[in-house]
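Please view the structure alongside the text.

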Amino acid sequence: MVKRMVMKPLSWIERALFIDFIKGLSVTIRHAFSKTITTHYPYEKLTPPKRFRGFFGHKVVDGNEPQPAFDEWVERFNIQVEYGKSRCVVCLLCKRACPVPQLFEIEGKKLDNGKRVVSVFNMNLMLCTFCGFCVDACPVDCLFQSDIHETASYTRRDSILDLETLEKIGRDWQIRREHEPDRIWIDDDHRNKLWYENDLKLPEPKVRGRHEW
Amino acid sequence: MESLWVDIAVAIVKILVILGVALGVGAYLTWVERKVAAHIQRRPGPMVVGWHGLLQPIADGLKLITKEDLFPRYGNRFLYNLALVLALVPATLVFAVIPFGPEFEVFGYKVKPILTDVNVGILLVFGLGSLAVYAIALAGWASNSKYPLIGSMRKAGIIISYEVAITFAVMGPLILAGTLSTYKIVQNQIDQGLWYVWVQPIAFVVYMFSLLAETGRVPFDIQEAEAELVTGFTVEYGGMKFGLFPLVEWYIEVLTLSAIGVVLFLGGWSPLNIPFVGFVDPLFFLGPLSPYVWFLLKVTALFLFILWLHWTLPRYRIDQITEIAWKVMLPLALINIVITSLIAPFVWE
(Lines give C-alpha, C1' and ligand atoms only; values in the text may rest on other atoms or scores of the structure.)
Protein backbone atom coordinates (compact mmCIF):
# COMPACT_ATOMS: atom_id res chain seq x y z
CA MET A 1 0.00 0.00 0.00
CA VAL A 2 1.31 3.40 -0.91
CA LYS A 3 0.75 6.02 1.72
CA ARG A 4 0.13 9.32 0.01
CA MET A 5 1.54 12.34 1.78
CA VAL A 6 -0.20 15.54 0.76
CA MET A 7 1.16 18.76 2.23
CA LYS A 8 -1.49 21.40 2.56
CA PRO A 9 -0.15 24.76 1.43
CA LEU A 10 0.23 27.21 4.29
CA SER A 11 -2.67 29.55 4.79
CA TRP A 12 -2.12 33.30 4.77
CA ILE A 13 -2.48 33.61 8.51
CA GLU A 14 0.11 30.87 9.01
CA ARG A 15 2.49 32.64 6.68
CA ALA A 16 2.01 35.97 8.36
CA LEU A 17 2.73 34.50 11.79
CA PHE A 18 5.71 32.43 10.52
CA ILE A 19 4.20 29.17 11.79
CA ASP A 20 6.57 27.11 9.66
CA PHE A 21 9.59 29.04 10.94
CA ILE A 22 8.45 28.56 14.52
CA LYS A 23 7.97 24.83 14.05
CA GLY A 24 11.49 24.49 12.67
CA LEU A 25 12.99 26.68 15.36
CA SER A 26 11.31 24.69 18.11
CA VAL A 27 12.85 21.50 16.74
CA THR A 28 16.35 22.95 16.65
CA ILE A 29 16.15 24.51 20.10
CA ARG A 30 15.07 21.19 21.57
CA HIS A 31 18.04 19.53 19.97
CA ALA A 32 20.38 22.32 21.06
CA PHE A 33 19.64 21.71 24.73
CA SER A 34 19.65 17.93 24.69
CA LYS A 35 22.70 15.75 25.19
CA THR A 36 25.19 15.32 22.39
CA ILE A 37 25.41 11.89 20.85
CA THR A 38 28.93 11.99 19.44
CA THR A 39 32.07 10.11 20.37
CA HIS A 40 35.25 12.10 21.02
CA TYR A 41 37.04 10.16 18.38
CA PRO A 42 40.76 10.01 19.06
CA TYR A 43 40.09 9.70 22.78
CA GLU A 44 37.07 7.42 22.68
CA LYS A 45 36.57 4.80 20.04
CA LEU A 46 33.52 2.78 19.25
CA THR A 47 33.97 -0.91 18.59
CA PRO A 48 32.53 -1.63 15.17
CA PRO A 49 30.03 -4.46 14.84
CA LYS A 50 31.39 -7.89 14.16
CA ARG A 51 30.33 -7.82 10.52
CA PHE A 52 32.28 -4.63 9.88
CA ARG A 53 34.26 -4.61 6.64
CA GLY A 54 37.65 -3.38 7.72
CA PHE A 55 41.21 -4.56 7.16
CA PHE A 56 41.68 -8.13 6.00
CA GLY A 57 43.17 -10.96 7.98
CA HIS A 58 43.92 -14.65 7.79
CA LYS A 59 42.38 -16.81 10.43
CA VAL A 60 44.87 -19.34 11.73
CA VAL A 61 44.45 -23.04 12.26
CA ASP A 62 43.03 -23.51 15.75
CA GLY A 63 40.77 -26.57 15.47
CA ASN A 64 37.66 -24.56 14.62
CA GLU A 65 37.89 -24.85 10.87
CA PRO A 66 34.67 -25.42 8.90
CA GLN A 67 34.40 -29.15 8.46
CA PRO A 68 34.34 -31.11 6.24
CA ALA A 69 35.27 -28.34 3.76
CA PHE A 70 38.68 -27.67 5.28
CA ASP A 71 39.79 -31.29 5.26
CA GLU A 72 38.56 -31.74 1.69
CA TRP A 73 40.52 -28.74 0.42
CA VAL A 74 43.60 -29.77 2.39
CA GLU A 75 43.42 -33.21 0.85
CA ARG A 76 42.86 -31.92 -2.66
CA PHE A 77 45.80 -29.53 -2.63
CA ASN A 78 47.99 -31.62 -0.32
CA ILE A 79 48.42 -28.78 2.14
CA GLN A 80 50.70 -28.85 5.15
CA VAL A 81 48.45 -27.90 8.08
CA GLU A 82 50.32 -26.31 10.94
CA TYR A 83 48.71 -25.19 14.17
CA GLY A 84 48.84 -21.39 14.56
CA LYS A 85 49.55 -20.75 10.88
CA SER A 86 47.26 -19.44 8.16
CA ARG A 87 44.45 -21.71 7.01
CA CYS A 88 45.02 -20.67 3.39
CA VAL A 89 44.92 -23.55 0.92
CA VAL A 90 46.11 -21.47 -2.08
CA CYS A 91 42.95 -22.11 -4.08
CA LEU A 92 43.01 -18.55 -5.52
CA LEU A 93 39.22 -18.32 -5.28
CA CYS A 94 39.60 -14.95 -3.58
CA LYS A 95 41.55 -13.68 -6.56
CA ARG A 96 38.89 -15.07 -8.92
CA ALA A 97 36.12 -13.31 -7.01
CA CYS A 98 37.93 -9.98 -6.76
CA PRO A 99 36.82 -7.11 -9.03
CA VAL A 100 40.44 -5.88 -9.06
CA PRO A 101 42.31 -9.19 -9.10
CA GLN A 102 45.76 -7.67 -9.44
CA LEU A 103 45.62 -6.56 -5.83
CA PHE A 104 46.21 -10.18 -4.78
CA GLU A 105 49.64 -11.68 -5.05
CA ILE A 106 49.41 -15.31 -3.95
CA GLU A 107 52.08 -17.98 -4.20
CA GLY A 108 52.46 -21.39 -2.68
CA LYS A 109 55.62 -23.43 -2.21
CA LYS A 110 56.40 -27.10 -2.08
CA LEU A 111 57.99 -28.35 1.08
CA ASP A 112 60.63 -31.07 1.21
CA ASN A 113 58.05 -33.65 2.33
CA GLY A 114 56.03 -33.05 -0.85
CA LYS A 115 53.26 -31.07 0.85
CA ARG A 116 52.39 -27.54 -0.08
CA VAL A 117 51.93 -24.38 1.93
CA VAL A 118 51.15 -20.73 1.21
CA SER A 119 54.35 -18.68 1.02
CA VAL A 120 53.28 -15.28 -0.32
CA PHE A 121 49.94 -13.62 0.24
CA ASN A 122 50.06 -9.90 -0.45
CA MET A 123 46.99 -7.70 -0.65
CA ASN A 124 47.47 -4.22 -2.01
CA LEU A 125 44.75 -2.28 -0.23
CA MET A 126 45.40 0.81 -2.36
CA LEU A 127 43.29 -0.96 -4.98
CA CYS A 128 40.80 -2.60 -2.66
CA THR A 129 37.16 -1.51 -2.54
CA PHE A 130 36.41 -3.52 0.62
CA CYS A 131 33.52 -5.22 -1.15
CA GLY A 132 34.11 -8.48 0.66
CA PHE A 133 33.66 -10.78 -2.37
CA CYS A 134 36.94 -12.53 -1.55
CA VAL A 135 35.69 -13.24 1.96
CA ASP A 136 32.52 -14.80 0.59
CA ALA A 137 34.56 -16.86 -1.83
CA CYS A 138 36.98 -18.28 0.72
CA PRO A 139 36.01 -21.96 1.13
CA VAL A 140 37.95 -22.59 4.34
CA ASP A 141 36.93 -19.46 6.31
CA CYS A 142 40.50 -18.21 6.18
CA LEU A 143 40.32 -14.73 4.64
CA PHE A 144 38.02 -12.43 6.61
CA GLN A 145 37.46 -8.75 7.32
CA SER A 146 38.28 -7.50 10.79
CA ASP A 147 37.09 -4.46 12.70
CA ILE A 148 40.34 -2.55 12.10
CA HIS A 149 39.29 0.59 10.26
CA GLU A 150 42.05 3.11 10.92
CA THR A 151 43.79 2.32 7.68
CA ALA A 152 45.76 5.51 7.05
CA SER A 153 49.46 5.02 6.51
CA TYR A 154 52.50 7.13 5.78
CA THR A 155 53.81 5.16 2.81
CA ARG A 156 52.27 3.07 0.06
CA ARG A 157 54.24 0.09 1.33
CA ASP A 158 52.28 0.21 4.57
CA SER A 159 49.01 -0.30 2.77
CA ILE A 160 50.14 -3.71 1.44
CA LEU A 161 49.22 -6.51 3.82
CA ASP A 162 51.63 -9.44 3.67
CA LEU A 163 51.08 -12.90 5.03
CA GLU A 164 52.63 -12.13 8.40
CA THR A 165 50.41 -9.08 8.99
CA LEU A 166 47.33 -10.96 7.85
CA GLU A 167 48.06 -13.80 10.28
CA LYS A 168 48.68 -11.33 13.07
CA ILE A 169 45.34 -9.64 12.45
CA GLY A 170 43.69 -13.05 12.30
CA ARG A 171 45.17 -14.27 15.60
CA ASP A 172 44.20 -11.01 17.27
CA TRP A 173 40.68 -11.33 15.93
CA GLN A 174 40.30 -14.93 17.02
CA ILE A 175 41.32 -14.00 20.54
CA ARG A 176 39.17 -10.88 20.77
CA ARG A 177 35.98 -11.38 18.83
CA GLU A 178 35.66 -14.86 17.42
CA HIS A 179 33.17 -15.95 20.08
CA GLU A 180 30.92 -12.91 19.92
CA PRO A 181 27.39 -13.47 18.69
CA ASP A 182 27.10 -12.20 15.15
CA ARG A 183 24.83 -9.18 15.23
CA ILE A 184 25.01 -5.58 14.21
CA TRP A 185 25.35 -4.08 17.68
CA ILE A 186 27.66 -5.43 20.31
CA ASP A 187 25.04 -5.24 23.03
CA ASP A 188 21.95 -3.30 23.99
CA ASP A 189 23.95 -0.59 25.74
CA HIS A 190 25.90 0.08 22.59
CA ARG A 191 22.73 0.17 20.56
CA ASN A 192 21.02 2.53 22.96
CA LYS A 193 23.98 4.87 23.01
CA LEU A 194 23.37 5.68 19.36
CA TRP A 195 19.70 4.85 18.97
CA TYR A 196 18.28 5.60 22.38
CA GLU A 197 14.85 6.34 20.87
CA ASN A 198 14.61 2.71 19.95
CA ASP A 199 14.78 1.50 23.52
CA LEU A 200 13.90 -2.12 23.02
CA LYS A 201 15.64 -5.22 24.28
CA LEU A 202 16.99 -7.57 21.67
CA PRO A 203 16.32 -11.25 22.29
CA GLU A 204 19.38 -13.00 23.74
CA PRO A 205 20.99 -14.92 20.90
CA LYS A 206 21.29 -18.63 21.47
CA VAL A 207 24.93 -19.57 21.13
CA ARG A 208 25.15 -22.47 18.74
CA GLY A 209 27.93 -24.01 16.67
CA ARG A 210 30.13 -21.45 15.02
CA HIS A 211 29.00 -21.84 11.45
CA GLU A 212 25.31 -22.14 11.93
CA TRP A 213 24.45 -18.47 12.25
CA MET B 1 43.03 74.45 22.78
CA GLU B 2 43.27 72.15 25.76
CA SER B 3 39.78 70.81 25.21
CA LEU B 4 40.71 69.95 21.61
CA TRP B 5 43.56 67.73 22.83
CA VAL B 6 41.25 66.11 25.33
CA ASP B 7 38.68 65.50 22.62
CA ILE B 8 41.31 63.91 20.40
CA ALA B 9 42.58 61.76 23.26
CA VAL B 10 39.05 60.65 24.10
CA ALA B 11 38.34 59.85 20.45
CA ILE B 12 41.55 57.80 20.15
CA VAL B 13 40.74 55.84 23.29
CA LYS B 14 37.24 55.20 21.97
CA ILE B 15 38.58 54.08 18.58
CA LEU B 16 41.05 51.70 20.18
CA VAL B 17 38.45 50.24 22.53
CA ILE B 18 35.84 49.84 19.80
CA LEU B 19 38.25 48.36 17.25
CA GLY B 20 39.77 45.99 19.78
CA VAL B 21 36.42 44.86 21.09
CA ALA B 22 34.85 44.59 17.64
CA LEU B 23 37.64 42.60 16.01
CA GLY B 24 38.37 40.48 19.09
CA VAL B 25 34.72 39.69 19.61
CA GLY B 26 34.35 39.13 15.87
CA ALA B 27 37.06 36.48 15.99
CA TYR B 28 35.54 34.81 19.01
CA LEU B 29 32.10 34.79 17.46
CA THR B 30 33.44 32.11 15.10
CA TRP B 31 33.79 29.93 18.18
CA VAL B 32 30.29 30.86 19.36
CA GLU B 33 28.85 30.06 15.97
CA ARG B 34 30.60 26.72 15.80
CA LYS B 35 29.39 25.81 19.27
CA VAL B 36 25.79 26.82 18.58
CA ALA B 37 25.76 25.05 15.23
CA ALA B 38 27.28 21.96 16.78
CA HIS B 39 24.80 21.76 19.63
CA ILE B 40 21.87 22.25 17.27
CA GLN B 41 23.22 19.24 15.38
CA ARG B 42 23.82 17.35 18.66
CA ARG B 43 27.61 17.61 18.43
CA PRO B 44 29.84 19.23 21.06
CA GLY B 45 31.79 21.32 18.54
CA PRO B 46 35.45 22.25 19.11
CA MET B 47 36.60 20.56 22.29
CA VAL B 48 40.33 19.90 21.96
CA VAL B 49 42.19 23.23 21.79
CA GLY B 50 41.84 24.73 25.23
CA TRP B 51 38.91 24.27 27.60
CA HIS B 52 35.90 23.45 25.42
CA GLY B 53 37.88 24.67 22.42
CA LEU B 54 38.26 28.21 23.73
CA LEU B 55 41.63 28.69 22.03
CA GLN B 56 40.30 27.43 18.71
CA PRO B 57 39.93 30.91 17.08
CA ILE B 58 43.59 31.64 17.87
CA ALA B 59 44.68 28.33 16.40
CA ASP B 60 42.57 28.98 13.31
CA GLY B 61 44.00 32.48 12.97
CA LEU B 62 47.58 31.21 13.22
CA LYS B 63 46.85 28.56 10.65
CA LEU B 64 45.26 31.03 8.24
CA ILE B 65 48.07 33.57 8.63
CA THR B 66 50.82 31.03 7.97
CA LYS B 67 49.18 29.69 4.83
CA GLU B 68 50.55 30.34 1.36
CA ASP B 69 49.07 33.35 -0.41
CA LEU B 70 47.73 32.09 -3.72
CA PHE B 71 46.54 34.33 -6.51
CA PRO B 72 44.59 33.31 -9.62
CA ARG B 73 46.79 33.67 -12.71
CA TYR B 74 44.68 36.05 -14.80
CA GLY B 75 43.10 37.94 -11.92
CA ASN B 76 43.43 41.63 -11.22
CA ARG B 77 45.70 41.93 -8.21
CA PHE B 78 44.79 45.54 -7.40
CA LEU B 79 41.03 44.96 -7.35
CA TYR B 80 41.55 41.62 -5.63
CA ASN B 81 43.21 43.33 -2.67
CA LEU B 82 40.96 46.39 -2.84
CA ALA B 83 37.93 44.16 -2.32
CA LEU B 84 39.34 43.08 1.05
CA VAL B 85 39.73 46.66 2.22
CA LEU B 86 36.31 47.58 0.90
CA ALA B 87 34.79 44.68 2.78
CA LEU B 88 36.49 45.30 6.11
CA VAL B 89 36.51 49.08 6.44
CA PRO B 90 32.82 49.99 5.89
CA ALA B 91 31.72 47.09 8.10
CA THR B 92 33.89 48.23 11.01
CA LEU B 93 33.11 51.91 10.40
CA VAL B 94 29.49 51.28 11.32
CA PHE B 95 30.66 50.82 14.93
CA ALA B 96 31.39 54.55 14.93
CA VAL B 97 27.71 55.43 15.26
CA ILE B 98 26.57 52.70 17.64
CA PRO B 99 25.75 54.12 21.09
CA PHE B 100 26.74 51.65 23.80
CA GLY B 101 25.27 53.49 26.75
CA PRO B 102 24.14 56.81 28.19
CA GLU B 103 26.34 59.86 28.63
CA PHE B 104 28.61 59.88 31.69
CA GLU B 105 31.17 62.21 33.29
CA VAL B 106 34.88 61.54 33.81
CA PHE B 107 36.94 64.28 35.53
CA GLY B 108 34.34 66.85 34.59
CA TYR B 109 34.32 65.90 30.91
CA LYS B 110 31.08 64.63 29.47
CA VAL B 111 31.75 61.45 27.49
CA LYS B 112 29.24 59.75 25.26
CA PRO B 113 30.05 56.07 24.73
CA ILE B 114 29.64 56.53 20.98
CA LEU B 115 32.51 57.37 18.68
CA THR B 116 30.77 60.14 16.73
CA ASP B 117 27.25 61.20 17.44
CA VAL B 118 26.61 62.24 13.82
CA ASN B 119 23.20 63.77 13.28
CA VAL B 120 22.73 61.51 10.23
CA GLY B 121 23.95 58.34 11.90
CA ILE B 122 21.39 55.98 10.41
CA LEU B 123 22.00 57.37 6.94
CA LEU B 124 25.70 56.67 7.45
CA VAL B 125 24.96 53.09 8.52
CA PHE B 126 22.98 52.30 5.41
CA GLY B 127 25.38 54.17 3.16
CA LEU B 128 28.22 52.04 4.50
CA GLY B 129 26.05 48.96 4.29
CA SER B 130 25.49 49.58 0.59
CA LEU B 131 29.26 49.82 0.10
CA ALA B 132 29.50 46.12 0.93
CA VAL B 133 28.15 45.36 -2.52
CA TYR B 134 31.28 46.88 -4.11
CA ALA B 135 33.57 44.66 -2.07
CA ILE B 136 31.72 41.55 -3.12
CA ALA B 137 31.28 42.51 -6.76
CA LEU B 138 35.00 43.39 -6.98
CA ALA B 139 36.03 40.19 -5.21
CA GLY B 140 34.08 38.15 -7.73
CA TRP B 141 35.30 40.14 -10.70
CA ALA B 142 38.97 40.32 -9.76
CA SER B 143 39.18 36.58 -9.10
CA ASN B 144 38.56 35.88 -12.80
CA SER B 145 36.80 32.63 -12.08
CA LYS B 146 33.24 31.66 -12.74
CA TYR B 147 32.00 30.57 -9.32
CA PRO B 148 33.11 33.76 -7.56
CA LEU B 149 31.54 35.79 -10.34
CA ILE B 150 28.20 33.99 -10.07
CA GLY B 151 28.30 34.30 -6.29
CA SER B 152 29.10 37.98 -6.32
CA MET B 153 26.42 38.72 -8.92
CA ARG B 154 23.84 36.93 -6.79
CA LYS B 155 24.95 38.78 -3.69
CA ALA B 156 24.87 42.11 -5.51
CA GLY B 157 21.32 41.40 -6.64
CA ILE B 158 20.25 40.53 -3.11
CA ILE B 159 21.87 43.56 -1.51
CA ILE B 160 20.36 45.96 -4.04
CA SER B 161 16.89 44.46 -3.50
CA TYR B 162 17.08 44.47 0.26
CA GLU B 163 18.72 47.91 0.62
CA VAL B 164 15.42 49.33 -0.62
CA ALA B 165 13.32 47.27 1.79
CA ILE B 166 15.55 47.96 4.79
CA THR B 167 15.60 51.69 4.13
CA PHE B 168 11.82 51.85 4.00
CA ALA B 169 11.61 49.62 7.08
CA VAL B 170 13.74 51.90 9.24
CA MET B 171 11.65 54.86 8.06
CA GLY B 172 9.02 53.88 10.66
CA PRO B 173 11.20 54.20 13.77
CA LEU B 174 12.79 57.31 12.26
CA ILE B 175 9.39 58.98 11.91
CA LEU B 176 8.55 58.09 15.51
CA ALA B 177 11.91 59.30 16.80
CA GLY B 178 12.03 62.36 14.58
CA THR B 179 15.81 62.20 14.24
CA LEU B 180 18.55 60.35 12.37
CA SER B 181 21.06 60.39 15.20
CA THR B 182 21.40 56.94 16.76
CA TYR B 183 22.03 58.39 20.21
CA LYS B 184 18.90 60.55 20.07
CA ILE B 185 16.76 57.70 18.75
CA VAL B 186 17.49 55.71 21.89
CA GLN B 187 17.03 58.80 24.05
CA ASN B 188 13.64 59.43 22.44
CA GLN B 189 12.55 55.87 23.05
CA ILE B 190 13.43 56.27 26.72
CA ASP B 191 11.62 59.63 26.89
CA GLN B 192 8.53 58.22 25.19
CA GLY B 193 8.65 55.12 27.42
CA LEU B 194 8.25 52.79 24.48
CA TRP B 195 10.37 50.35 22.53
CA TYR B 196 9.54 50.91 18.88
CA VAL B 197 9.22 47.17 18.29
CA TRP B 198 5.83 47.29 20.04
CA VAL B 199 4.42 49.75 17.51
CA GLN B 200 6.58 48.65 14.56
CA PRO B 201 6.34 44.85 14.45
CA ILE B 202 6.09 44.83 10.65
CA ALA B 203 9.13 47.03 10.28
CA PHE B 204 11.02 44.77 12.68
CA VAL B 205 10.23 41.68 10.63
CA VAL B 206 11.25 43.42 7.41
CA TYR B 207 14.42 44.64 9.13
CA MET B 208 15.30 41.12 10.29
CA PHE B 209 14.74 39.69 6.82
CA SER B 210 16.90 42.38 5.25
CA LEU B 211 19.57 41.85 7.93
CA LEU B 212 19.75 38.16 7.07
CA ALA B 213 19.87 38.97 3.37
CA GLU B 214 22.56 41.64 3.62
CA THR B 215 24.84 39.57 5.80
CA GLY B 216 24.31 36.42 3.73
CA ARG B 217 22.92 34.45 6.63
CA VAL B 218 20.97 31.34 6.01
CA PRO B 219 17.71 31.60 4.28
CA PHE B 220 19.52 34.02 1.96
CA ASP B 221 23.02 32.54 1.77
CA ILE B 222 22.65 32.04 -1.95
CA GLN B 223 25.92 33.83 -2.68
CA GLU B 224 27.76 31.15 -0.72
CA ALA B 225 25.63 28.17 -1.58
CA GLU B 226 28.37 25.74 -0.69
CA ALA B 227 26.55 22.95 -2.50
CA GLU B 228 26.56 24.78 -5.83
CA LEU B 229 29.21 27.49 -5.73
CA VAL B 230 31.82 26.03 -3.35
CA THR B 231 31.97 29.22 -1.25
CA GLY B 232 30.90 31.87 -3.71
CA PHE B 233 33.10 34.92 -4.11
CA THR B 234 35.77 33.73 -1.66
CA VAL B 235 36.77 30.73 -3.78
CA GLU B 236 39.98 32.29 -5.09
CA TYR B 237 41.05 33.81 -1.79
CA GLY B 238 43.43 31.94 0.47
CA GLY B 239 44.78 32.14 3.99
CA MET B 240 43.79 35.09 6.12
CA LYS B 241 42.33 36.84 3.06
CA PHE B 242 39.82 34.04 2.91
CA GLY B 243 39.24 34.22 6.63
CA LEU B 244 38.52 37.92 6.46
CA PHE B 245 35.40 37.69 4.28
CA PRO B 246 33.33 35.42 6.53
CA LEU B 247 34.65 37.34 9.52
CA VAL B 248 33.35 40.59 8.07
CA GLU B 249 30.19 39.25 6.53
CA TRP B 250 28.99 36.78 9.09
CA TYR B 251 30.23 38.34 12.30
CA ILE B 252 31.06 42.03 12.10
CA GLU B 253 28.16 42.92 9.82
CA VAL B 254 25.71 40.79 11.77
CA LEU B 255 27.00 42.38 14.95
CA THR B 256 26.67 45.95 13.67
CA LEU B 257 23.29 45.37 12.09
CA SER B 258 21.96 43.68 15.23
CA ALA B 259 23.28 46.60 17.26
CA ILE B 260 21.49 49.02 14.90
CA GLY B 261 18.38 46.86 15.17
CA VAL B 262 18.61 47.06 18.94
CA VAL B 263 19.03 50.82 18.73
CA LEU B 264 16.09 51.27 16.38
CA PHE B 265 13.59 48.77 17.73
CA LEU B 266 14.64 47.51 21.16
CA GLY B 267 15.50 50.75 22.86
CA GLY B 268 19.28 50.60 22.85
CA TRP B 269 20.60 50.56 26.40
CA SER B 270 17.19 51.00 28.04
CA PRO B 271 15.99 48.19 30.33
CA LEU B 272 13.00 45.95 29.77
CA ASN B 273 9.98 47.81 28.44
CA ILE B 274 6.33 46.91 28.95
CA PRO B 275 3.89 48.99 26.88
CA PHE B 276 1.72 51.40 28.94
CA VAL B 277 3.76 50.59 32.07
CA GLY B 278 7.22 51.90 31.29
CA PHE B 279 10.65 50.52 31.97
CA VAL B 280 11.33 47.71 34.42
CA ASP B 281 14.97 47.05 35.29
CA PRO B 282 15.62 43.61 36.80
CA LEU B 283 19.34 44.45 36.69
CA PHE B 284 19.07 47.56 38.93
CA PHE B 285 21.73 46.16 41.29
CA LEU B 286 24.41 46.76 38.66
CA GLY B 287 23.97 50.51 39.15
CA PRO B 288 25.61 52.61 36.45
CA LEU B 289 26.78 49.48 34.57
CA SER B 290 23.22 48.30 33.97
CA PRO B 291 22.66 50.16 30.63
CA TYR B 292 25.81 48.63 29.12
CA VAL B 293 24.80 45.16 30.27
CA TRP B 294 21.34 45.66 28.79
CA PHE B 295 22.77 46.75 25.45
CA LEU B 296 25.14 43.78 25.44
CA LEU B 297 22.36 41.38 26.39
CA LYS B 298 20.07 42.60 23.64
CA VAL B 299 22.75 42.44 20.95
CA THR B 300 23.77 38.97 22.14
CA ALA B 301 20.18 37.78 22.10
CA LEU B 302 19.62 39.10 18.59
CA PHE B 303 22.90 37.59 17.39
CA LEU B 304 22.07 34.20 18.90
CA PHE B 305 18.62 34.37 17.34
CA ILE B 306 20.23 34.93 13.95
CA LEU B 307 22.54 31.95 14.53
CA TRP B 308 19.54 29.88 15.56
CA LEU B 309 17.75 30.83 12.34
CA HIS B 310 20.88 30.09 10.35
CA TRP B 311 21.14 26.53 11.58
CA THR B 312 17.42 25.85 11.24
CA LEU B 313 16.27 27.04 7.86
CA PRO B 314 17.03 25.76 4.39
CA ARG B 315 18.03 28.10 1.59
CA TYR B 316 15.71 30.08 -0.66
CA ARG B 317 16.18 30.12 -4.38
CA ILE B 318 17.48 33.35 -5.95
CA ASP B 319 14.15 34.12 -7.63
CA GLN B 320 12.28 33.53 -4.38
CA ILE B 321 14.64 35.88 -2.57
CA THR B 322 14.15 38.75 -4.96
CA GLU B 323 10.45 38.00 -5.11
CA ILE B 324 10.20 38.27 -1.32
CA ALA B 325 12.13 41.53 -1.43
CA TRP B 326 10.11 43.29 -4.09
CA LYS B 327 6.66 41.69 -3.76
CA VAL B 328 6.38 41.17 -0.02
CA MET B 329 8.89 43.14 1.99
CA LEU B 330 8.75 46.41 0.08
CA PRO B 331 4.91 46.70 0.09
CA LEU B 332 4.92 45.70 3.77
CA ALA B 333 7.44 48.43 4.54
CA LEU B 334 5.37 50.98 2.63
CA ILE B 335 2.18 49.94 4.45
CA ASN B 336 4.12 50.25 7.68
CA ILE B 337 5.07 53.82 6.84
CA VAL B 338 1.41 54.68 6.33
CA ILE B 339 0.41 53.08 9.62
CA THR B 340 3.30 54.81 11.37
CA SER B 341 2.34 58.21 10.12
CA LEU B 342 -1.18 57.57 11.42
CA ILE B 343 -0.06 56.56 14.92
CA ALA B 344 2.92 58.89 15.16
CA PRO B 345 1.04 61.78 16.86
CA PHE B 346 -0.08 59.43 19.66
CA VAL B 347 3.47 58.16 20.18
CA TRP B 348 4.90 61.69 20.23
CA GLU B 349 2.69 62.47 23.19
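In chain B, the axes of helix 3 (residues 77–93) and helix 4 (residues 121–143) come within 8 Å and cross at roughly 160°; axes are lines fitted to C-alpha atoms, for helices over the stretch in contact, and angles run from 0 to 180 degrees between N-to-C directions. The model is predicted: local features need pLDDT of at least 70, side-chain atom pairs count only at pLDDT 80 or more, and totals for chains, interfaces and linings use all residues. Residues are numbered from 1 along each chain as its sequence is written, and chains are lettered from A and ligands numbered from 1 in the order in which they are written.

**Helix pair in chain B**
- Helix 3 of chain B and helix 4 of chain B are therefore roughly antiparallel (an angle over 145 degrees).
- The contact (C-beta atoms, placed from the backbone, within 7 Å) includes B:Leu79, B:Leu82 and B:Leu86 of helix 3 of chain B and B:Leu128, B:Leu131 and B:Trp141 of helix 4 of chain B.
- Its residues divide into 18 nonpolar, one polar and no charged; Ala, Val, Leu, Ile, Met, Phe, Trp, Tyr, Cys and Pro count as nonpolar, Asp, Glu, Lys and Arg as charged, and the others, Gly among them, as polar.

**Chain B as a whole**
- Chain B has 12 helices and four strands (DSSP runs numbered from the N terminus: helices H or I, at least four residues; strands E, at least two).
- Its radius of gyration is 21 Å, close to the 20 Å that the globule rule gives for 349 residues, so chain B is as compact as a globular protein of that length (taken over C-alpha atoms; the rule is 2.2 Å times the number of residues to the power 0.38).
- Of the 349 residues of chain B, 42% count as buried (20 or more other C-beta atoms within 10 Å; exposed is 12 or fewer, partly exposed in between, with C-beta atoms placed from the backbone).

**Contact between the chains**
- Chain B contributes 10 residues and chain A 11 residues.
- On the chain B side, six are nonpolar, two polar and two charged.

**Backbone features in chain A**
- A cis peptide bond, with omega about 5°, joins A:Gln67 and A:Pro68.
- A:Pro68 sits in the loop between strand 1 (56–58) and helix 3 (69–77) of chain A.
- A:Phe18, not a glycine, has a positive phi of about 55° and is partly exposed, with 13 other C-beta atoms within 10 Å.
- A:Asn78 also has a positive phi, near 55°, and lies in the loop between helix 3 and helix 4 (93–97) of chain A.

Terms used:
Parallel < 35°, antiparallel > 145°, perpendicular 65-115°, else oblique. Contact = placed C-beta atoms within 7 Å.
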